[in-house]
Amino acid sequence: MFTWKKLGKVFTPCGGTERPWLKEFAQAPSSLLFDDFVRIYFSCRPPADENGQYASRSAYVDLDRADLFKVKHVAKQPVLELGGPGEFDEFGTYPISVIRDAEVFRAYYAGWTRCESVPFNVAIGVAESDDGGETFRKLGRGPVLGFSPDEPFVISGPKIRHFEGRWHLWYIAGRKWKVVDGRPEPVYKIRMATSADGIHWERHNRDLIESRIEEDEAQASPDVFHANGTYHMFFCYRYSSHYRSHKHGYRIGYASSTNLTDWTRDDTKAGITVSEEGWDSEMVSYPHVFEVDGRIYMAYLGNQVGREGFGLAALDGDLK
Amino acid sequence: MNWRKLGRVFDPSEYTLPNGCKEYAQSPQALVFDDFVRIYFSTRALDPANNKFLSHIAFADFSKDLRNVIRVSDHTVIPLGGLGCFDEHGIFPMNVLRHNDMVLGYTCGWSRRVSVSVDTSIGLALSHDGGLTFERCGDGPVLTSSLKEPYLVGDGFVKVINDVFHMWYIFGTDWKSYAPGAAPDRTYKIGHAVSEDGVNWRKDEARRIIADRLGESESQALPTVCGIGGSHHMFFCYRQSFDFRANPDNAYRIGHAWSTDLENWTRDDSTPLLEGTPGDWDSDMQCYPHVFESEGNIYLLYNGNNFGRHGFGLAVLER
C-alpha cells in the first residue's frame, strides 16, 4: 500500500465580485510545472441559474513551487469561452487537462450541453494557448473525441499524456443512464485512445478497469503517472445510486500497467481514503498525481466533489 | 433530363401504421426486390410524455409498376434508441442498401436539446431478414459531430462504388435566431465521407461539396446519388433557413448537381423542375428526394407540402 500524507486543503474557491464565475467548486485539478510555480487547472462554477443549473468554467491557480500552500496568482478570467448555440460545450467546460508539447500548450476539455430526456451530454474538445496557458482558443467548434457506436454518450474526464512517442488520452465513456428515484444518473467507465497527432484518435473500445463494487460502478478521473518502470493509474469510483453520500460516494482506486493498455486493479494499494472529519470526510475523488522537485503529490477533491476546493497529499516512499 | 410526374403514390392517412403513427410518410427510400419494391419512410407518433413527435420507420411494399400498395408494415421495423441515446426521439430518415447477405440501414437519429430543438447523428443498423426488421450496431452513432462539424450530422445516403463506401450527408453550420425572441433556426450543408467497411468513416471534414444557390443561409438536405448516362447525379432539397414552413417562396425545392469524379460537383437545378400545380399535394414544397432504378427505369420519390405530412409521390426519368 502507498502511504499518502494528507497536507490539507490548498485552494478554496471564493471569487468574490472580481471573479463571479469562481463562486464555488474547484474540481478536477490537473498540474503544469513552471520554473517558479505549479499551475493547477481546475473547474469551477458561477452561481446556479434560475433553474438551479450550473455552467462550469475552467481556470487555474499558480502555487509557489517552493511552498505549494502559497497561492501566487489566480486566473483573472476563465481559460476557455463557452460554446455558441447548439455547440457541444455551450453549457460548461469541465474538466480540463493541459499538456505542454514543445512550445505548444494544448488543452483537452469536456464540453457540456443540455438535453431534454437526460440532464446533459458531454464530449471532449481541444484548444491551444498562445499566451503560455492563460487562455485557450478552440481548434474547432465541435468535439475532437465525440460519440461512437460503442461509446454512445457522456465522453468526459480527459487526461492527456505523452508516453512512448504517442499521445494518450484517458477518459470516461457513458455506459447507461440509470433511473434512480425518477432521476437519470450516468454510469461511466474508464477508456483510452491513442493518436500520432492528438487530433485523430484511435479508440481502444474496451473498459480498462474492471468494476469492483457493483456492475454499474461509475469510474472517473483516470490519472496516469509513470514511475519506476510502471504506469500507475489513480482514479475514483462510486456507486450508481445515492452517491451524494458518505456511504455510496466517491473513493480513490488504483491500477497499474506495464504496457499502457492492460491494467490490473488493486484498490488496496491506493493508500488514501476519507478522513474522520473535516473537508474530505464524506468522499475523496478526482485524484491527480504529479511530481515537483523530487517529491510526489496527489491533488484530490473532498466532500461534495470539490464544492469547497481541493487538497494535497504527499507520498511517503516510492511509487512501485 | 426530363422527369414526368406520376403523382402522389402513398397517402399515410389511408393505412394503419405501426407504433401508433398517424400522418407523415417522410423521406421515402426504396429497396428493390424481385417481385415488389419496398419503400421505407418515416412516420410520426405523439410522445405521451409531452405531446411532441417521435419519428418511426415504417415501410410500404409496392407492385413493380409502383402503382399499387401490396402491404404496409404492421410491426416495429427498428425501435428507437434508449434513454440519452442519439436516436431516442426519432429516426428520420433511414437509408437502405443491400450488402453481402444483409440490408444496411443508415439511420438519422434525433435527440432533443434545451437551447436548440434537436441534435442528430447517423447510426448503422443491420437487417438479416431481408429488411423486415433492423438491429442497431451499438448504442451510438457511426458518423457524428466532430472538430469542424459541430452539430446536426444527418441524412446519410450510402452507395458502394468500386468497392468503396461513399456517404453523402449533411452537417450543421449555424443555429441562429432570425427575429428577436424567435427560436433558433438551423442551417446545414451537404458533405462527403468514405469508408472501406461501412462502419469506420473518413469525413472530408467541413467541405461543402455543393455550391449555395440561395447564399450562406441556404440549407441543403437529403442528398441521393445515382449514375445516369455515365455521370454521377445528385438530387437533394434546399430552402432558406428562415420562414420556410409557411412561406412557399422560402420552402424546400429539389436541387441537382452532377460529377464525373465524385470530388467536384457542378450544381444545375434546371432539372428536375418539379413545379407543382396550385392546390395540388406538392404545390408549395418539394423535398426529401430519393432516386432509384427498377426495371430499367430511374424513379424519383419525393415529398410534397408540409414536409410529407400527406405522403409521397413519384416521378420517372424520360429517356
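The paragraphs below treat cavities, strand pairing and backbone geometry in turn.

The model is a predicted one. Rolling a probe the size of a water molecule over the atoms shows where empty space is left. In this structure, a search of the whole finds four cavities of 30 Å³ or more. The largest cavity holds about 150 Å³ of space. Its lining is made up of 20 residues, and those closest to its centre are N121(A), C85(B), F86(B), S111(B) and R113(B). In chain B, β7 (102-112) and β8 (118-127) each contribute at least two residues to this lining. Sorted by class, the lining of the largest cavity comprises six nonpolar, nine polar and five charged residues.

The second largest cavity contains about 120 Å³ of space. Lining this cavity are 13 residues, and G86(A), F88(A), T113(A), R113(B) and D119(B) lie nearest its centre. Strand β8 (residues 120-129) of chain A gives the most to the lining of the second largest cavity, namely three residues. By class, this lining divides into six nonpolar, four polar and three charged residues.

Attention now turns to the strands. Strands of a sheet pair through backbone hydrogen bonds, either parallel or antiparallel. Chain A has an open sheet of four strands in the order β10-β11-β12-β13, with antiparallel pairing. At its edges are β10 (153-163) and β13 (202-203) of chain A, each of which pairs on one side only. Two bridges connect β13(A) with strand β12 (residues 183-195) of chain A in the antiparallel sense, and A193(A) has R203(A) in β13(A) as its bridge partner.

In chain B, strand β3 (residues 36-46) has 10 of its 11 residues buried, and it is therefore largely enclosed by the rest of the structure. Strand β2 (residues 26-32) of chain B runs antiparallel to β3(B), and five bridges join the two. Among these strands' residues, L31(B) has R38(B) in β3(B) as its bridge partner. A hairpin of three residues links β2(B) to β3(B). β3(B) is also joined by 11 bridges to strand β4 (residues 53-63) of chain B, again in an antiparallel arrangement; here F36(B) is partnered with S63(B) in β4(B). The hairpin formed by β3(B) and β4(B) has six residues between the strands, and N51(B) in the turn has a positive phi of about 60 degrees.

The backbone holds further features of note. Most residues other than glycine have a negative phi, and most peptide bonds are trans. In chain A, the peptide bond from Y94(A) to P95(A) is cis, with omega near -5 degrees, and P95(A) belongs to strand β6 (residues 93-101) of that chain. In chain B, a cis peptide bond joins F92(B) and P93(B), with omega about -5 degrees; P93(B) lies in strand β6 (residues 91-99) of chain B.

Two loop residues of chain A have a positive phi. D181(A), with phi near 50 degrees, is in the loop between β11 (166-180) and β12 of chain A. Its relative accessibility is 67%, so D181(A) counts as exposed. N205(A) has a positive phi of about 60 degrees and is found in the loop between β13 and β14 (218-227) of chain A. Because its relative accessibility is 39%, N205(A) counts as partly exposed.

Note on methods. Residues are numbered from 1 along each chain as its sequence is written. Chains are lettered from A and ligands numbered from 1 in the order in which they are written. This is a predicted model: local features need pLDDT of at least 70, side-chain atom pairs count only at pLDDT 80 or more; totals for chains, interfaces and linings use all residues. Side-chain values use heavy atoms; hydrogens and water are left out. On a 1 Å grid over the protein atoms alone, a cavity is a set of points where a 1.4 Å probe fits but cannot get out, and a pocket is an open set with protein on both sides within 12 Å along at least five of seven lines; lining residues have an atom within 4 Å of a point. Grid points are joined across faces, edges and corners, and a volume is the space filled by probe spheres set on the points. Ala, Val, Leu, Ile, Met, Phe, Trp, Tyr, Cys and Pro count as nonpolar, Asp, Glu, Lys and Arg as charged, and the others, Gly among them, as polar. Two strands pair if DSSP finds at least two bridges between them. Buried means under 20% relative accessible area, exposed over 50%, partly exposed in between (1.4 Å probe, protein chains only).
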